[in-house]
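Hi everyone, thanks for making time this morning. I'd like to walk you through one structure, so let me put it up on the screen.

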Amino acid sequence: MPSERQVEDRWLKTSDAAYVCGVSQWYLKQCRECYPTGFLKERIHYILGASRTAPIKWNVNAVLDAFHERGKLVRAAEAIIKETKEGN
């Protein structure tokens with residue numbers, strides 16, 4: 001995870017971070033932990049601006065790592081569900 005990463009952190013505004021991550025700006029914002037299904041943590045994956053209208057800055061490397069980990073969890077859960085269904 002973050003301690004394993006050898007690449008320097010890249011902090012980008014929302015539009016640029018979404019493009020680099022290959023997701024929409026809306027999806028990226030919905031992944032913040034302040035939303036029910038969010039998993040991106042403040043100060044690790046993103047930082048808020050000084051004002052309400054200031055852009056959110058995203059640690060693109062940490063966000064990509066989190067997306068990767070989330071993808072692994074989803075796939076593992078799907079495999080368990082499949083095994084459970086086949087066992088019945």
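This is a predicted model: local features need pLDDT of at least 70, side-chain atom pairs count only at pLDDT 80 or more; totals for chains, interfaces and linings use all residues.

**A walk from the sheet to the helices**

Stepping back, 3 strands make up an open sheet, ordered β1-β3-β2, with antiparallel pairing. β1 and β2 are the edge strands, each pairing on one side only.

Now for the helices. Which strands does α1 lie across? α1 lies across β1 and β3, and runs at about 110 degrees to β1. α3 also lies across β1 and β3, and its angle to β3 is about 60 degrees.

Let's stay with α3 for a moment. This helix covers residues 60-87, 28 residues in total. From first C-alpha to last, α3 reaches 41 Å, close to the 40 Å expected at 1.5 Å a residue. Which of its residues are buried? They are Val-60, Asn-61, Ala-62, Val-63, Ala-66, Phe-67 and Gly-71. And what covers them? The cover includes the strands β1 and β3, together with the helices α1 and α2.

One last stop, in the loop between α2 and β2, where you'll find Arg-43. Its phi is positive, about 75 degrees, although Arg-43 is not a glycine. Is the residue buried or exposed? Arg-43 counts as exposed, because its relative accessibility is 70% and the cut-off is over 50%.

That's my tour, and I'm happy to go back to any part of it.

Conventions. Residues are numbered from 1 along each chain as its sequence is written. Side-chain values use heavy atoms; hydrogens and water are left out. Helices (H or I, at least four residues) and strands (E, at least two) are DSSP runs, numbered from the N terminus. The expected span of a helix is 1.5 Å times one less than its number of residues. Buried means under 20% relative accessible area, exposed over 50%, partly exposed in between (1.4 Å probe, protein chains only). Contact means heavy atoms within 4.5 Å. Two strands pair if DSSP finds at least two bridges between them. Axes are lines fitted to C-alpha atoms, for helices over the stretch in contact, and angles run from 0 to 180 degrees between N-to-C directions.
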